[in-house]
Amino acid sequence: MIINTVGTPGATIMLVGEAPGEQENRTGKPFHPGAPAGSTLDKILSSAGISRHDCLITNVAREKPPGNKIAFYFKDAKCTIPKDILLKDIEKLKEDILFYKPNIVIALGKIAAQVLISNSSITEARGYIYESTLVPGQKVLPTYHPQKVNYEWKLFFTTVLDIRKAVKNSTSPELPKDDRTLITNISKLEYIEYLNYLLYEHKEAIAVDIETLQPGSHIDIMGIADSPTHGVAFELIKDRKAVYSENKELEIWQHLTEVLNTKELIMQNGSYDTTVLYLHHGIYCPKFYYDTMVAAHVCWPENPRSLAYLASICLNVPSWKHTSQSDSLLYNAGDTTNTYGVWKVLKAEIEKQEIEYIFNHEMNQIEPSVMLQLQGLKVNKEKQQSLLVEIEEELNTVQETLSKTLNREVIFKADKSKKDAININSPQQLANLLYIDLKIKPQYKRRKSVSEERKLTTNEEALSKLARTIDNPIFNNIIKVKKLSKLKTFIDITTSPEGKVHTSYNVTGATMVRENKGFVIDEEDSFKSFGRWSSSKSIILPYGSGNLQNIPKKARTMYTAPEGYEFLQADYMQAEAVVVAYEISDHKSVAIFKQSFGLPKEEREKKGLDIHKLTARTMFGIPMEEVTKEIRKIGKVVKHATNYNAGPGVLAHKLQLPLKEAKELLKKFHNTTPQLHLWHKRIQQQLQSSRTLTNLFGRKHRFLGRYNDSLLRSAYAYIPQSTVGDLLNLALSRFYYKYGKERRIILQLHDAIYVFSPLGKRQETIDMLKDVMLIELTSTNGIKYTIDVDFSVGNSWGEMEEI
DNA sequence: GATTTTACGTA
DNA sequence: CGTACGTAAAATCT
């Protein structure tokens with residue numbers, strides 16, 4: 001059946017989808033309201049304030065392709081070259097656009113975008129207005145296809161904003177006017193004049209953005225915007241050669257330094273720019289007050305934070321990111337002006353949401369995080385070497401054993417010259433060996449839902465299960481190999497010329513920049529974060545394994561304190577469990593935390609103040625004396641698992657018990673601690689009414705995913721996890737600004753701070769840490785409390801003892 | 001060579 | 001049907 005354009009003649013908006021589906025084919029209506037995509041489209045339109053009666057609706061292809069596979073209409077797998085049969089439909093689409101003359105066409109999904117604007121990357125193109133390549137002069141705005149939104153519900157928010165933007169632009173057929181002036185050909189003399197103007201006459205903040213060359217992160221373009229409509233890009237390096245003589249460049253930098261030291265600054269991910277400016281030019285940027293990435297993180301933590309994304313939802317400017325390589329100066333000027341524009345919108349949003357406190361709290365963390373990145377951490381080369389030797393020896397022993405038992409050469413790393421050998425670290429080869437050659441009962445990965453396809457696995461969970469059920473040392477040896485090879489990756493690392501490793505701490509959570517072919521680009525698809533820092537490889541100082549928040553204990557031993565210092569670690573005790581206990585008003589647990597506050601370890605043990613013993617005791621209804629080590633462990637695991645709503649399967653795995661017993665344990669726990677389920681109910685109600693949760697510091701998070709169990713679990717974790725994250729980061733920045741000159745912070749590990757303490761000044765350091773870390777919290781129902789801190793010391797990061 | 005998948009380290 | 005994060009190495013795609 002041929003499905004033609006439907007809708008209200010005279011409508012100013014035309015929606016163009018991909019091809020009719022099953023139901024459309026039967027009913028003759030594109031995006032039939034009963035079909036999944038049609039019903040999602042209706043939800044999107046209504047959230048954007050319109051309905052399908054305000055639109056003309058059509059598809060690129062007018063007939064359902066066989067098997068619903070759109071690739072049927074194309075000559076290439078990427079669906080860019082249409083077959084003749086589709087060319088006829090495209091011609092019809094063109095005729096319809098010319099006949100109905102909509103003011104704006106919305107391209108839903110990549111096929112429509114490919115046909116209408118010759119760009120099939122929706123992630124890159126969406127949210128911007130283009131002139132159609134199919135119908136010259138026609139305005140087009142691409143966004144996600146409703147079916148895609150169906151699969152990835154978090155895209156709903158963005159798609160609605162895109163439609164709203166299209167509605168705003170539907171009052172006339174003209175392309176939006178671009179009133180920005182982007183200066184890219186300014187002489188040195190004019191530039192210095194401009195810098196002087198900024199310094200002496202311009203009153204407002206300025207937006208700054210540097211472009212850098214990799215490797216080395218050298219600044220080739222310096223960008224400044226003094227308003228959302230005026231930006232200046234100035235080139236310092238061209239074709240990898242300095243544009244100016246040393247003296248002239250020095251003169252420029254002197255003026256720049258003065259500007260950057262004096263003006264209030266706006267930046268997008270200024271963490272990167274300020275690190276480079278400080279490392280290469282000694283420029284400090286004391287008034288860097290406004291970061292658009294931080295602002296977006298506190299306003300919309302669940303959405304992307306790249307400048308291209310922010311500009312698409314905050315501004316009505318043309319798309320410019322694709323010019324980064326063809327015209328890097330124009331691109332940079334676009335970056336700075338748009339950063340300025342985005343800041344103005346986000347500033348208003350911060351005020352509207354009343355989250356100035358969280359914004360400033362995050363801005364305060366940038367300097368300490370930059371300091372940590374620049375400072376790095378020294379590796380003890382001798383220890384590193386001895387660890388490597390130790391691991392190699394152990395690996396060799398297991399290699400021999402495994403080769404003998406299998407009667408086959410065993411290797412731990414891909415090696416094309418050894419065709420008959422089996423690589424234990426290859427999931428595929430290992431699966432073949434175990435499940436085909438040795439005919440062992442296949443193990444499947446745990447699935448998130450039953451509809452997912454079953455997949456073979458050779459992960460540790462599967463191997464340890466096999467080791468328990470089948471009496472054969474091979475499984476434990478394989479596990480050993482995998483563990484040792486993994487450990488080796490943390491030890492066999494390159495260090496800087498000074499023998500250090502560096503990490504980039506990301507205040508806004510997930511990494512936002514990545515290096516690609518020597519260019520630093522925005523990471524488009526990672527946009528999570530619960531307010532904790534993440535740690536990743538530094539592009540500026542790329543030494544070490546990158547992430548310093550996941551180093552195994554054994555590998556930590558190669559990080560030793562410098563002469564005259566010791567590692568001192570300050571840890572929030574049971575932090576998340578304390579937050580949960582107060583949130584749910586678990587009076588028994590609260591009493592334990594209260595009584596043990598400030599007591600040393602021995603004292604707590606003497607008085608039996610142990611939260612896990614309490615859990616076990618309450619669950620089993622036995623006196624404290626009868627809680628053995630084993631029973632306490634059960635209490636500990638159950639407490640932990642239930643805090644995050646884990647199921648019986650996980651509990652059974654962790655305690656190595658049959659599923660039935662795990663179920664009974666959970667039942668026992670919930671019978672004795674009914675408050676937990678009640679709290680989960682309250683969270684569910686909040687999510688249903690506003691989709692928003694607020695942690696104890698006022699940090700808000702909107703949960704935009706589809707309302708299901710996975711979203712709920714994520715939500716249950718939010719308040720304890722993000723509150724502890726904010727608590728520690730508040731303490732860390734307080735320490736940095738108050739004691740940073742006397743004591744060096746070394747590491748941040750989510751609920752712990754590490755510092756170097758001079759030998760003989762341990763108590764002084766502890767007092768400083770206590771001063772900044774003991775912060776009073778107020779639970780949601782108004783109870784005030786403080787999470788206790790414990791301290792450990794050691795010569796190396798890996799060997800620390802509680803004191 | 002680029003991208004995706006699998007596995008696994010930490011709090 | 002713990003959550004959050006990041007990286008290494010293998011597998012797969014183009």
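**Notebook: a first look around chain A**

I started just after helix α27, where Arg691 takes a positive phi of about 65° (helices are DSSP runs of H or I, at least four residues, and strands runs of E, at least two, numbered from the N terminus). The model is predicted, so local features need pLDDT of at least 70 and side-chain atom pairs 80 or more, while totals for chains, interfaces and linings use all residues. Residues count from 1 along each chain as written, with chains lettered from A and ligands numbered from 1 in written order.

I then checked α27 itself, residues 675–690. Its 16 residues should span 22 Å at 1.5 Å a residue (1.5 Å times one less than the residue count), and the end C-alpha atoms sit 23 Å apart, which agrees.

**Other positive phi values**

Asn68 is not a glycine, yet I found its phi at about 60°. I placed Asn68 in the loop between β3 (55–59) and α3 (84–100). Asn68 is partly exposed because it has 13 C-beta neighbours inside 10 Å (20 or more others within 10 Å is buried, 12 or fewer exposed, in between partly exposed; C-beta atoms are placed from the backbone).

Lys101, not a glycine either, has a positive phi of about 50°. I found Lys101 in the loop between α3 and β4 (104–108). Lys101 has 14 other C-beta atoms within 10 Å, so it too is partly exposed.

**Inside**

I looked up the largest nonpolar core, which has 111 residues (buried Ala, Val, Leu, Ile, Met, Phe, Trp, Tyr and Cys joined through C-beta atoms within 7 Å). Ala295, Phe735 and Ile753 touch the most other members. Helix α28 (residues 709–739) gives the most to this core, with eight residues. Apart from this core lies another, of 45 residues, with Ala19, Leu86, Leu93 and Leu141 among them.

Next I listed the contacts of Ile753 (C-beta atoms within 7 Å), skipping neighbours within four places in sequence; they include Ala570, Leu728, Phe735 and Leu769.

**The whole chain**

I noted 29 helices and 31 strands in chain A. Its radius of gyration is 30 Å, close to the 28 Å from the globule rule for 803 residues, so chain A is as compact as a globular protein of that length (taken over C-alpha atoms; the rule is 2.2 Å times residue number to the power 0.38). The C-alpha trace spans about 85 × 70 × 65 Å along its principal axes. I see 39% of the 803 residues counted as buried.

**Around the DNA**

Last, I went to DNA strand B, with 20 residues around it (C-beta within 6 Å). Pro427, Asn459, Asn550, Pro552 and His750 come nearest. Helix α18 (residues 474–491) gives the most to this surface, with three residues.

Notes
Contact = placed C-beta atoms within 7 Å.
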